[in-house]
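Subject: Structure for you to look at

Hello,

The structure we spoke about is below, sequence included. My notes on it follow.

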Amino acid sequence: MTDKPAEIMFAQACNMAMAKAMADDPKVIIMGEDIADEQGGGVFKVTLGLSEKFGTDRVRSTPISEQAIVGAAVGSAMVGYKPVAEIMLMNFITVAMDQIVNHAAKLRFMSGGQTTVPLTIRTTTGAGTGLGGQHSDMLEAWLAHVPGLKVVAASNPADAYGLLYSSIMDPNPVIFIENTPGYFVKGPAPAPDHVVPLGKASVPREGTDVTLIGYGSSISRCHAAADKLAEDGISCEIVDLRTIAPYDEETVLKSVAKTKAAVVVHEAVRNFGVGAEISSRIHEELFSELKAPVGRVGSGYAPVPFSPAIEKAWMFSQEDIEREVHKILG
Amino acid sequence: MAKPPRKTPAAKKSPAAKKSAPARKSSTPSKPVAKTTGGLKTPIYKATKAELMDFYEQMLLIRRFEEKAGQLYGLGLIGGFCHLYIGQEAVVTGLQSAIEPGKDSVITGYRDHGHMLACGIDPKIVMAELTGRASGISKGKGGSMHMFSVDHGFYGGHGIVGAQVSLGTGLAFAHKYKEDGGVCLAYFGDGASNQGQVYESFNMAELWQLPVVFVIENNQYAMGTSVNRSSAEDQLYRRGESFRIPGMQVDGMDVLAVRGAVEEALKDVRGGGGPVLMELKTYRYRGHSMSDPAKYRSREEVQNIREKSDPIERLKAMLMKQGVAEDELKILDKKVRKTVADAADFAEESPEPELAELYTDVLVEQY
């Protein structure tokens with residue numbers, strides 16, 4: 001890298017956030033499969049150069065042992081380290097769910113506040129490139145359902161930088177979800193001191209007729225749908241949650257109170273998803289003010305298929321968002 | 001990066017290994033056993049009289065505490081699951097007596113009351129946690145299976161079989177990274193030794209040469225299934241062999257054998273040798289939990305162990321042989337009973353947690 005580029009890729013942003021966190025705080029250590037430079041700097045190169053810069057004591061390649069990785073990370077977090085554990089793909093988190101759900105999320109509570117677990121688990125996932133059923137799932141709803149965990153998903157490189165830094169510095173266990181196809185998407189480069197607080201949504205587009213609520217990979221499609229809907233005279237506001245749990249309910253309700261209509265959009269399957277929770281809360285708070293019931297867009301209730309033709313059919317799309325908006329606005 | 005793993009194949013140094021490999025019979029802990037892999041020794045500790053008295057008092061405290069917990073459970077004052085440590089007292093007493101408080105760390109499973117007492121944690125706040133009171137060590141939010149005392153280097157108290165081994169490996173990683181000279185004692189049972197994540201952690205610990213003693217408390221039964229019914233290799237001290245982790249099998253009913261062996265283990269680990277696996281052969285007199293009628297074994301089997309191998313009686317006999325008067329031991333017993341009675345009173349009289357506590361400590365801040 002030469003001068004600071006005007007634009008960076010999502011993967012670079014994550015790399016820079018970790019580098020800054022490691023430079024700022026010697027308690028930050030990273031562990032995961034193949035993450036050190038000798039092993040390639042991560043399967044998606046997100047940790048490239050970090051072991052060279054900070055040493056293999058702090059940037060540790062591990063055996064392919066998700067339970068041991070998260071277990072060791074939780075154990076060292078309990079005594080004050082700020083480990084960043086990389087679970088290469090989100091489906092592999094299922095292997096470590098015991099350590100995440102039964103330990104990371106609960107140790108503070110069950111110890112009556114004696115312990116904290118300042119752990120970050122970085123993981124990536126996302127359909128659309130033919131990775132199939134065991135390498136593409138969006139499981140954020142599982143994790144958001146567990147009290148004691150924070151769940152974060154960025155939609156652009158600058159947010160990824162600011163949110164990942166905040167996640168690492170947060171005293172709670174945080175699951176930071178990256179998007180595999182989105183790693184190479186470029187966006188404006190953040191200033192080095194750019195920080196995005198957890199629990200705060202953004203409103204990247206203001207509008208008056210309907211609020212599109214999303215996070216991570218759904219935001220770019222929300223923008224595309226909003227452009228298209230504008231041609232039909234429909235003005236969309238977009239709320240980017242950035243933190244899924246605990247999400248910024250205030251910003252969501254404020255926006256929907258203004259537009260009086262909402263569609264929640266995510267890549268995860270629609271059924272029992274994050275959208276169901278948010279939709280339900282909007283109904284509970286704003287039922288009498290709504291022009292129409294809250295709409296939901298998500299992917300099909302089936303495992304992610306391999307074949308490109310049916311994978312596309314499974315995946316939520318820009319057209320699904322447009323259709324849902326037209327449906328609820330009649 | 002981590003040092004390369006041990007070069008010496010563990011099997012070379014284990015003349016006993018071949019003989020013990022096909023063992024299918026469950027051996028009772030009545031006879032002293034000392035088998036090792038990897039060349040470690042298991043000498044019997046030579047204790048002073050004062051040390052013997054300390055061990056005796058410690059074991060007695062655990063026993064009386066657990067008996068009282070059993071009573072309170074029967075009276076409905078303790079709810080949930082409650083796993084008593086009666087019969088296993090020599091294990092934790094011997095091990096904990098050898099470590100350095102403030103430097104080393106300890107983690108275990110859900111049968112944790114004895115470990116907490118042996119860490120020097122006030123019996124009152126342990127008992128108050130069992131009764132779910134605000135003055136309990138986890139403010140009544142953890143319960144019997146989930147207790148912690150960071151001040152004592154005690155990191156739980158965990159309810160998922162085997163998971164504490166991975167966490168303990170993390171504690172050991174922190175010791176090594178910090179270079180604080182500390183060792184983690186990671187306790188688990190014979191049942192947990194059949195859990196997958198234990199072996200992920202064995203591999204990582206040896207690979208990274210972490211300062212951890214993996215302690216298998218083999219009380220002969222994984223819930224209701226005996227070791228030889230549940231374990232293809234029932235000589236559990238050998239479970240580290242394919243990771244080049246040296247193992248030792250020790251009579252866990254003899255506090256001096258336990259202390260002697262753990263000193264050797266600690267010497268090896270503190271010397272930078274990486275993890276050591278200890279199997280302590282012991283026996284639990286009560287059911288797996290209070291709700292277990294223990295129909296999987298005969299009354300005679302339990303009675304036989306109680307009569308021949310009870311760790312407290314064994315030490316008592318030794319003390320009397322050394323000229324300690326029975327009256328002196330009676331005074332000690334009285335003192336321990338009073339401590340336990342006071343703990344029970346405290347646990348009954350303390351108020352229940354405020355309802356607002358439900359939403360504190362979920363996150364560091366509040367939702």
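Domain 1 and domain 2 of chain A bury about 1700 Å² between them, and carbon and sulfur atoms give 59% of that. Buried area here is the accessible area (1.4 Å probe) that two parts lose on being put together, summed over both. The domains run over 7-188 and 202-329, with bounds that come from an automatic or database domain assignment. On the domain 1 side 24 residues are in contact with 22 residues of domain 2, contact meaning heavy atoms within 4.5 Å. The C-alpha centres of the two domains of chain A lie 26 Å apart. One salt bridge is counted between domain 1 and domain 2 of chain A, a salt bridge being a side-chain nitrogen of Lys or Arg within 4 Å of a carboxyl oxygen of Asp or Glu. Asp159(A) and Arg242(A) form a salt bridge in which the closest N and O atoms are 3.3 Å apart.

Before the rest, the conventions. This is a predicted model, in which local features need pLDDT of at least 70, side-chain atom pairs count only at pLDDT 80 or more, and totals for chains, interfaces and linings use all residues. Residues are numbered from 1 along each chain as its sequence is written, chains are lettered from A and ligands numbered from 1 in the order in which they are written, and side-chain values use heavy atoms, with hydrogens and water left out.

Pockets

Grid points are joined across faces, edges and corners, and a volume is the space filled by probe spheres set on the points.

The largest pocket has a volume of about 890 Å³. Its lining consists of 29 residues, and those nearest the centre are Ala144(A), Ala245(A), Pro246(A), Tyr247(A) and Glu277(A). Two or more lining residues come from each of helix 6 (140-144), strand 12 (243-245) and helix 10 (274-286) of chain A; helices (H or I, at least four residues) and strands (E, at least two) are DSSP runs, numbered from the N terminus. Helix 10 of chain A gives the most, five residues. By class the lining of the largest pocket has 20 nonpolar, four polar and five charged residues, where Ala, Val, Leu, Ile, Met, Phe, Trp, Tyr, Cys and Pro count as nonpolar, Asp, Glu, Lys and Arg as charged, and the others, Gly among them, as polar. Because domain 1 and domain 2 of chain A both give residues to this lining, the largest pocket lies between them.

The second largest pocket has a volume of about 540 Å³. It is lined by 27 residues, with Asn179(A), Ser217(A), Ser220(A), Arg221(A) and Met315(A) the closest to its centre. Helix 8 (218-231) of chain A is one of the elements that supply at least two lining residues, and helix 8 gives the most, with four. The lining of the second largest pocket has 10 nonpolar, 11 polar and six charged residues. Domain 1 and domain 2 of chain A each provide at least three residues of this lining.

Chain B against chain A

The contact takes 39 residues from chain B and 46 from chain A. About 3700 Å² is buried between the two chains, 64% of it from carbon and sulfur atoms. Two salt bridges are found across this interface. Lys150(A) pairs with Glu365(B) in a salt bridge, the closest N and O atoms being 2.5 Å apart.

Over all chains, the whole structure has 38 salt bridges. Within chain B, Glu89(B) forms one with Arg63(B), at 2.7 Å between the closest N and O atoms. Glu89(B) is in helix 3 and Arg63(B) in helix 2 of chain B, 26 residues apart.

Backbone

Most residues other than glycine have a negative phi, and most peptide bonds are trans. Ala245(A) and Pro246(A) are joined by a cis peptide bond, with omega about -5°. Pro246(A) sits in the loop between strand 12 and helix 9 of chain A. In chain B the peptide bond from Gly156(B) to Gly157(B) is also cis, with omega near 25°, and Gly157(B) lies in strand 3. Phe272(A) has a positive phi, near 60°, and is placed in the loop between strand 13 and helix 10 of chain A.

Regards

Conventions:
On a 1 Å grid over the protein atoms alone, a cavity is a set of points where a 1.4 Å probe fits but cannot get out, and a pocket is an open set with protein on both sides within 12 Å along at least five of seven lines; lining residues have an atom within 4 Å of a point.
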